[in-house]
Amino acid sequence: MTYRDRLPSLLKWSTGGVAAVLLVLTGYAMLSGESTPSTPGSTATGMPSPASTYYEAPGDWSEPERWAVLPRGARTDEQGNEVGFPHTTEGAVGMLAAANTTEVTAAHSHVDVQLGMYASYLIAADRTEDNKTKIEQAGAESDAKMRRSMGLPEDGAPPPGAYARNHVVGFQVIQASPSEAAVWLLSRVTTRKGEMETEEGAYTCTLVAAEWDGTDWRLSAASTEDTLRRHGRDQSPPIAAPGDPAFNSGGWTAIRAAS
């Protein structure tokens, strides 16, 4: 069996619906004052974005050389999200992976996802009513983009069976200390327009940051801005699925699901 046979849904990049779920908090860039020119892995607004628009699977399969079982959160909060990650680098990556693993459906919109992430993962200083409004507005814009990509009216709900999912499959730590961590995340992004539609997908890498607030790892405008300033112009790792030889040569660590 070839690599292509094992990954039948590796299709060309689909704008709109796929792009809408690349990051949990698509409106979170509004909270950061950083404004830098677009570079591979980042947008002009400062938030990371896909570094490539097309991924062609190679013919050979190479098992990942590096694996990690990331720690889970100690508990599930009122939003249904894992929180209470250990005060370790692996704990920071675990939080970032959990925050960036999402599913948007007809019953659970981008607005729902982003407001849940706002409550669960933002540092206390950033949880203001003004920021909450900005994030909610950005979620609504993402929902509209997703509907447009599916050929639906902007104010309509996705049909039954439609979804947009972001699942983190690999990571690369570029800087870590007891107080913060900067990490590249590799994600598998998939969309489906309805029950009888074909799933479409792509891989993307995103630069993210975590800050320790004394009790848990959090997302913050300050740490995001600082990470983008220090590392946003760095060359991003190659976008390569686990199994692609470039996954290993690019320095990715694959994530093995915890038992």
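Trainee: Which residues does methionine 95 touch, not counting residues up to four places away in sequence?

Mentor: A contact is counted where heavy atoms lie within 4.5 Å. By that rule methionine 95 touches Phe85, Tyr121, Ala210, Trp217, Arg218 and Leu219, once residues up to four places away in sequence are set aside. Bear in mind that this is a predicted model, in which local features need pLDDT of at least 70 and side-chain atom pairs count only at pLDDT 80 or more, while totals for chains, interfaces and linings use all residues. Residues are numbered from 1 along each chain as its sequence is written, and side-chain values use heavy atoms, with hydrogens and water left out.

Trainee: Which residues of H2 are buried?

Mentor: Buried means under 20% relative accessible area, exposed means over 50%, and partly exposed is in between (1.4 Å probe, protein chains only). Helices (H or I, at least four residues) and strands (E, at least two) are DSSP runs numbered from the N terminus. In H2 the buried residues are Gly91, Ala92, Val93, Gly94, Met95, Leu96, Ala97 and Ala99, so that H2 is mostly covered, with 8 of its 11 residues buried. The cover over these buried residues includes E4, H3, E5, E6, E7 and strand E8 (217-218). Across the chain, which has 6 helices and 9 strands, buried residues make up 52% of the 259 residues.

Trainee: How many residues does the largest nonpolar core have, and which of them have the most contacts inside it?

Mentor: In soluble globular proteins, nonpolar side chains tend to be buried together. A nonpolar core is a set of buried Ala, Val, Leu, Ile, Met, Phe, Trp, Tyr and Cys residues joined through side-chain atoms within 4.5 Å. Here the largest such core has 31 residues, and those with the most contacts inside it are Met95, Leu96, Tyr121, Phe171, Val183, Leu185 and Trp217. At least two residues of this core come from each of helix H2 (89-99), helix H3 (110-121), helix H4 (129-149), strand E5 (163-176), strand E6 (180-192) and strand E7 (200-212). H2 gives the most to this core, with 6 residues. Another core lies apart from it and has 13 residues, among them Leu186, Tyr203, Cys205 and Ala240.

Trainee: Where is arginine 218 placed, and with which residues is it in contact beyond its neighbours within four places in sequence?

Mentor: Arginine 218 is placed in strand E8 and counts as buried, at 14% relative accessibility. Leaving aside neighbours within four places in sequence, arginine 218 is in contact with Met95, Ser120, Tyr121, Leu122, Ile123, Arg127, Ala209, Ala210, Glu211 and Asp213. The C-alpha atoms of arginine 218 and isoleucine 123 are separated by 5.3 Å, although these residues are 95 apart along the chain. For the chain as a whole, among contacts between residues at least 6 apart in sequence, 68% join residues at least 24 apart.

Trainee: How many salt bridges does the count come to?

Mentor: A salt bridge is a side-chain nitrogen of Lys or Arg within 4 Å of a carboxyl oxygen of Asp or Glu, and by this rule the count comes to 9. In one of them, glutamate 103 pairs with arginine 165, the closest N and O atoms being 2.6 Å apart. This pair links distant parts of the chain, since glutamate 103 is in strand E4 (residues 102-105) and arginine 165 is in strand E5, 62 residues apart. Glutamate 103 is partly exposed at 35%, and arginine 165 is partly exposed at 33%.
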